[in-house]
Amino acid sequence: MSLLSVDHLTLTIHGRPVLNGLSFTVEPGEIVGLVGESGSGKSLTALSILGLTPPGSVATGAVKLDGQNLLNRPDRDLQAVRGKDIGIVFQEPATALNPLLTIGAQVAETARIHGHSKTAARALAAEALVRAGLSPDLTDRYPHELSGGQRQRAAIAMATVLKPRLLICDEPTTALDVTTQAQILELLKALAREQGCGLILITHDLAVVVGLADRTVILKDGAIVEQGPTVALFRNLTHPYSRQLAADSAPQPATARAEAKGDPLLEARDVVRSYPGAKGRAVDGISLAIRPGERVGLVGESGSGKSTLLRALLALEPVQAGEIALAGAPFRPSGGKDRRVLIQAVFQDPVGSFDPRWRVEDLIAEPLHLSATPVPKAERRARVAALLDKVGLPADAIDRYPHQFSGGQRQRIAIARALIVEPRIVVLDEAVSALDATVRGRILELLDKLSDELGVAWLFVTHDLTVVRAVTDRVLVMQAGRIVEEGPTARVFAAPKHPYTQALLAAAPDLETALAGREQP
């Protein structure tokens, strides 16, 4: 008998079919990957297993754990299963963790809910945190005091504190740098192999699945298009959709362009940024320059100082030494509002930067308050409509709300908002890391096209080396607050000189490399 058996699972939400007859199994100690584009039904499959589908849902078929059907059971019955028999790790630990509770208290909470005493729950929490690779002295810290990788480990500890028989991980490494991602994946693999729990890994990263999963299930529009043992499946993909996913997972290197000329648009000169009480400098004497029309990548692990440098470049934080210059003049938080039209930003999660009560017209037009003169309403609407067309969104999007769009569409709205004031440089902070390979490819093609058409310079701040390779002319590698290597992207990727750059490239997941590694005896 399989640990988990999903048999002809069908789900409708307010009468709309979203899952169509899914059937697959998970054995004890087995890792099963669920892959597909955004909207393919991956996360809804996980929520259906846990009985957490949204209001208006109707599910048919069967979801059996050790032969016991969980589908459509009363919530009281399922509460006894969640956390104890089935654990789940969500994509973004920052939203899954309670900011008001310490890490230790949150991990212990699961044990308390399932009847353990306060003392026993604390002991189980301590064991789970150590098992997840966290130091015991982090128990009394709050989520905001941990790095992204540490928060993800805390979320894993919370999901595994009672050693569930089935663990579901929904995009557990999407926002992590390649080194931290590799560590988290090794941890998940160890949990499955050593504890014998079944593991469902939901991800849009095919290289991650190939490197970890025993079997893979490929979803499209709520249906399974093919499934089987991972290596054999990916060596012999038969469905056109599966083949397209594999092709999209490895974007081609950026087309070589002439070296950018002219005076720097954005320049940092010996910039230093540190925080009270912190060890060392977050940014330690960095100098860089970005010229008109240039596409530059800034890469590094979590904690390398990328985000701090980004905030300094955007004049959102002051620097202790050095200077930031925009179009040849000093750019500081205390002034230069009239020049902020020259530089705009696109952030990782557009939902977090959108007011959900605003329509798309208002969201995109928001930066127009920076204009020297007020923009008439008719002209504003016309400019928004023109940008929607430029970023590939339908005209009727102008009067809709953010929640009515997919992740890729929302990112296009964010790009349109950044371009509304016709900036000369746009900074993208992990702007495509949460998107599946197909949508990511479309967004990158869009950015490349806009760069050529508008002459906008782009600064890509990311941990995703495939993005840097696909769309940048030049790359800067950051470690411990310093730029340790820089140069043309093709040269750095082909022959990295610094050991840190070499380690980053070696840790980056690659579909063909992962397949070859699994095939070795």
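Over the ring of which residue does the charged end of K220 sit? In this predicted model, in which local features need pLDDT of at least 70, side-chain atom pairs count only at pLDDT 80 or more, and totals for chains, interfaces and linings use all residues, the ring is that of Y241, with the charged end of K220 5.5 Å from its centre. Residues are numbered from 1 along each chain as its sequence is written, and side-chain values use heavy atoms, with hydrogens and water left out. A charge is taken to sit over a ring if NZ of Lys or CZ of Arg is within 6 Å of the ring centre and within 35 degrees of the ring normal.

An open sheet of 6 strands, with mixed pairing, has the order 6-7-8-3-9-10; strands (E, at least two residues) and helices (H or I, at least four) are DSSP runs numbered from the N terminus, and two strands pair if DSSP finds at least two bridges between them. Strand 6 (86-89) and strand 10 (223-229) each have a single partner strand and stand at the edges, so one side of each is left without a neighbour in the sheet. Strand 9 (residues 215-220) runs antiparallel to strand 10, to which 6 bridges join it, and L219 has I224 in strand 10 as its bridge partner. Helix 6 (residues 148-160) packs on the sheet, where it touches strand 6 and strand 7.

Elsewhere, strand 13 (residues 295-299) pairs with strand 19 in the parallel sense over 4 bridges, and V299 stands opposite V477 in strand 19. Strand 19 (residues 474-479) has 5 of its 6 residues buried, where buried means under 20% relative accessible area, exposed over 50% and partly exposed in between (1.4 Å probe, protein chains only). Strand 19 is also joined by 6 bridges to strand 20 (residues 482-488), the two running antiparallel, with G487 in strand 20 as the bridge partner of V475.

Conventions: Contact means heavy atoms within 4.5 Å. Axes are lines fitted to C-alpha atoms, for helices over the stretch in contact, and angles run from 0 to 180 degrees between N-to-C directions.
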